[in-house]
Amino acid sequence: MVGLAIGVVGVSFGAIAISRGEPAWVPLTMSLTVFAAGAQLAALDITLGGGGTAAAVAAGLVLNARLPLFGLAVADVLGGVRWPARLLGSHALVDQSAAFALAQREPARRRAAFFVCGALLYVMWNLGTLLGVVAGRAMGDPGALGLDAAEPMVLLALVLPALREPRTRRAALLGAAIALGCTPFLPGGLPVLVALVGVAAAAAGGGTGGSRGAGGPHGTGGSHDTGGPHGTGGSHDTGGARGPGGTHDTDGSHGAAGAEGNA
Amino acid sequence: MTPLAVLLLAVGTFGLRLSGPLLSDRIELGDRARQLLSASTTVLLCALVATSSLTADHAFAGWARPAGVLVGGALAARRAPFLAAVVAAAATTGALRWLGVD
């Protein structure tokens, strides 16, 4: 099922590349060798916007700078296999395969989840790209079909189980708010990395023993940076709404992001 | 896009992929570090969801895309079949755009 969803994203990548005038080998080779949706789309965007090789490559690699972290998180999966399998497995390391592996507790199931998911995603991503290239001209604007909503939705669905843990959820919502806040000012890919401040804040909040219960509503109460308490407070409120209601949260957070973007 | 750009992106990306497992051979991670790593992954993914649903080209992406993502996410949270959630997400976004909401 995730494979089909990724196939849909692959279709949109192929179709976007072709409809904006790239030769067919570009999306096809990228999907085979890079195999990272965000990086491929970012590099393509920059190239089509007139950016050079260096800018396109840098943006793609910054977007992929999270891969070593995922690699460390699933290192037990890739550490227990022989080198050829490890090299192949490394190529299969993507957000979804890492998320699937991390959702499994047992080592054997983790490994199976990682490799099956990774291989399936690779096949579907490339089939999707091929289909998108073929259908590119006929389809017109992929945005009209809403295909751009598929990729974030897939990631959201994968991360939902991990969000049940309150501390992780607070860190994640804080991180997301930070990423949104700095998106207007930073080059693509960096805001997501800046979001890791959310982990540090949550760790600091949890580590000051005793104050955890009381610290709840205020989040990282007593953290050193002055920006922290306010930002944290705001995102916690929206965070509360996200779980049950959903809609209000997004309205709130991107009201702010939108305002900054327009400013 | 130049062949050189594709090549550099491919080689660089593979290097990043391989560096995680390679590093883990050299450093031993405690429980606390593992917890933090796992939380980092979740935070990164959430930030990716937020930025890729709400922003495009450093500005607000319009209402249609986040609406689709929310509809799909709500279905997934209610344990609807994954493909149904994905189709609902794309359909919501597509329908909103067709109605003139972007």
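## Overview of the model

Chain A contains 16 helices and zero strands, where helices (H or I, at least four residues) and strands (E, at least two) are DSSP runs numbered from the N terminus. This is a predicted model, in which local features need pLDDT of at least 70 and side-chain atom pairs count only at pLDDT 80 or more, while totals for chains, interfaces and linings use all residues; side-chain values use heavy atoms, with hydrogens and water left out. Residues are numbered from 1 along each chain as its sequence is written, and chains are lettered from A and ligands numbered from 1 in the order in which they are written.

Of the 263 residues of chain A, 49% count as buried, a word that here means under 20% relative accessible area, with exposed meaning over 50% and partly exposed lying in between (1.4 Å probe, protein chains only). Among the contacts in chain A with a separation of 6 or more, 67% come from residues 24 or more positions apart, a contact being heavy atoms within 4.5 Å.

## Where the two chains meet

The contact between the chains takes 88 residues from chain A and 64 residues from chain B. Together the two chains bury about 6600 Å², of which 78% is on carbon and sulfur atoms; buried area is the accessible area (1.4 Å probe) that two parts lose on being put together, summed over both. Across this interface there are 10 residue pairs in polar contact, both residues being at pLDDT 80 or more. A polar contact is a pair of N or O atoms within 3.5 Å; within protein, one must be able to donate a hydrogen and the other to accept it, and residues adjacent in sequence count only if both atoms are side-chain atoms.

On the side of chain B that touches chain A, the elements giving two or more residues are α1 (3-26), α2 (31-54), α3 (64-77) and α4 (82-98) of chain B. Of these, α1(B) gives the most, with 20 residues. The residues on this side of chain B divide into 39 nonpolar, 19 polar and six charged, where Ala, Val, Leu, Ile, Met, Phe, Trp, Tyr, Cys and Pro count as nonpolar, Asp, Glu, Lys and Arg as charged, and the others, Gly among them, as polar.

## Salt bridges within and between chains

A search of the whole structure finds five salt bridges over all chains, and the rule finds two across the interface of chain B and chain A; a salt bridge is a side-chain nitrogen of Lys or Arg within 4 Å of a carboxyl oxygen of Asp or Glu. A:Asp148 lies in the loop between α9 (107-139) and α10 (150-159) of chain A and B:Arg65 lies in helix α3 of chain B, so the pair joins two chains. A:Asp148 is partly exposed, at a relative accessible area of 22%, whereas B:Arg65 is buried, at 14%.

A:Asp148 also meets B:Arg97 in a salt bridge (2.8 Å, N to O), and this pair crosses between chains from helix α4 of chain B, where B:Arg97 is found. B:Arg97 counts as partly exposed at 21% relative accessibility. Salt bridges that share partners join A:Asp148, B:Arg65, B:Arg97 and B:Asp102 into one network.

Within chain A, the side chains of A:Arg66 and A:Asp95 form a salt bridge (2.9 Å, N to O). This pair links distant parts of the chain, 29 residues apart, with A:Arg66 in the loop between α4 (53-63) and α5 (67-73) and A:Asp95 in helix α8 (residues 95-102). Both A:Arg66 and A:Asp95 are buried.

Leaving aside neighbours within four places in sequence, A:Met30 touches residues including A:Phe13, A:Gln40, B:Met1 and B:Leu9.

A:Gln40 belongs to helix α3 (residues 37-48) of chain A and counts as buried at 0% relative accessibility. The side chain of A:Gln40 makes a polar contact with the side chain of A:Trp125 (3.2 Å). A:Ser90, in helix α7 (residues 83-91) of chain A, is likewise buried at 0% relative accessibility. Beyond its neighbours within four places in sequence, A:Ser90 is in contact with A:Leu78 and with B:Phe14, B:Arg17, B:Leu18 and B:Pro21.
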